Amino acid sequence: FIIPKNKRMKKKLLITLGCSYIEGEGIYDYSLIEPNTTISDYRPGSDRYDRFVEKNLHNFHTKGIPAKLGKMMGFDKVLNMGYRGSSTSGQLKVLFEKYNKPNFKDYDVTIFWLLTEPCRISFYHDGYVKNYNGGSWGEKLYRAYIQEVSNGVSDCVLEQSFYIKSLEHYCELNNFELYISHSNPDILKPLKETNDSKNILDMKGSLFFDRKNFTREQFSKICDHPNEFGYELASQDIFDCIQEHTNNKFGPENPNVEIEYNGKPIKHKKNIL
């Protein structure tokens with residue numbers, strides 16, 4: 001008996017969106033530090049740190065939340081689209097640019113979006129999506145934006161809510177599942193007050209800003225991010241919340257999940273003017 005192709009069970013693809021927590025920053029191989037240097041020499045934002053990060057990108061992209069979550073949920077493939085320092089709007093722009101007409105016909109697709117700081121913004125600059133965040137305070141444009149919004153966090157949460165609705169329409173159009181959480185649980189309450197989306201998870205566990213649930217050994221020795229052990233803890237929290245939200249829909253584990261990274265903004269190929 002042969003099952004017709006259109007009746008066969010499709011493979012499962014997980015697309016993950018977010019900032020550094022989804023890209024995996026903090027998962028370092030300390031054996032890669034330069035000769036005659038110590039860990040204390042690697043200050044985030046310095047050229048030395050940037051070189052060190054480049055050497056560790058494979059670890060970031062294959063050992064963080066996306067890979068761990070894909071394994072726990074029993075997915076066949078994970079497409080990690082996390083990007084360090086990115087904003088909610090920037091993440092969505094890159095997704096829509098790269099997968100405006102997604103061709104994932106061989107997969108059932110689920111998107112998990114770990115929202116970032118709501119006051120981050122993005123614009124196009126020289127054909128790229130450029131993100132602005134708290135480290136951009138020296139940028140006149142970003143400083144003017146923060147000073148202009150009438151009520152800081154509230155207005156920024158409304159902006160974030162708008163982009164959630166945009167992604168929901170995208171997922172409905174393409175028949176994708178969607179689950180949303182926040183890297184800062186303190187933002188969940190005001191976010192849910194402005195958005196009645198059923199896709200937003202109620203995180204009750206030990207995500208990144210609730211430090212009392214982490215030990216020093218679960219954080220990087222260089223930057224203010226979890227290491228692989230910390231991301232393991234966060235991944236388990238997310239998985240448990242998704243299971244509760246979906247009434248144990250996912251699993252069993254797949255230790256051989258395929259990982260692909262495609263989160264870096266790309267330059268537009270066409271000259272508009």
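This is a predicted model: local features need pLDDT of at least 70, side-chain atom pairs count only at pLDDT 80 or more; totals for chains, interfaces and linings use all residues.
Residues are numbered from 1 along each chain as its sequence is written, and side-chain values use heavy atoms, with hydrogens and water left out.

By pocket I mean, on a 1 Å grid over the protein atoms alone, an open set of points with protein on both sides within 12 Å along at least five of seven lines; a cavity is a set of points where a 1.4 Å probe fits but cannot get out, and lining residues have an atom within 4 Å of a point. A volume is the space filled by probe spheres set on the points, which are joined across faces, edges and corners.

The second largest pocket holds about 240 Å³ of space. Strand β3 (residues 107-115) supplies the largest share of its lining, four residues; helices (H or I, at least four residues) and strands (E, at least two) are DSSP runs, numbered from the N terminus. This lining has six nonpolar, three polar and five charged residues, where Ala, Val, Leu, Ile, Met, Phe, Trp, Tyr, Cys and Pro count as nonpolar, Asp, Glu, Lys and Arg as charged, and the others, Gly among them, as polar.

I turn to the largest pocket, with about 820 Å³ of space. Of its 33 lining residues, Ser20, Glu25, Arg84, Gly85 and Asn133 are the closest to the centre. The largest share of the lining, five residues, comes from α2. By class, the lining comprises eleven nonpolar, twelve polar and ten charged residues.

What is the volume of the largest cavity? The value is about 50 Å³. Helix α4 (residues 88-98) gives the most to its lining, with three residues, and the lining has five nonpolar, five polar and no charged residues.

Finally, the axes of helix α3 (residues 65-73) and helix α8 (residues 228-246) come within 9 Å and cross at roughly 45°. The axes are lines fitted to C-alpha atoms, for helices over the stretch in contact, with angles from 0 to 180 degrees between N-to-C directions. α3 and α8 are therefore oblique to each other, since angles under 35 degrees count as roughly parallel, over 145 as roughly antiparallel, 65 to 115 as roughly perpendicular and the rest as oblique.
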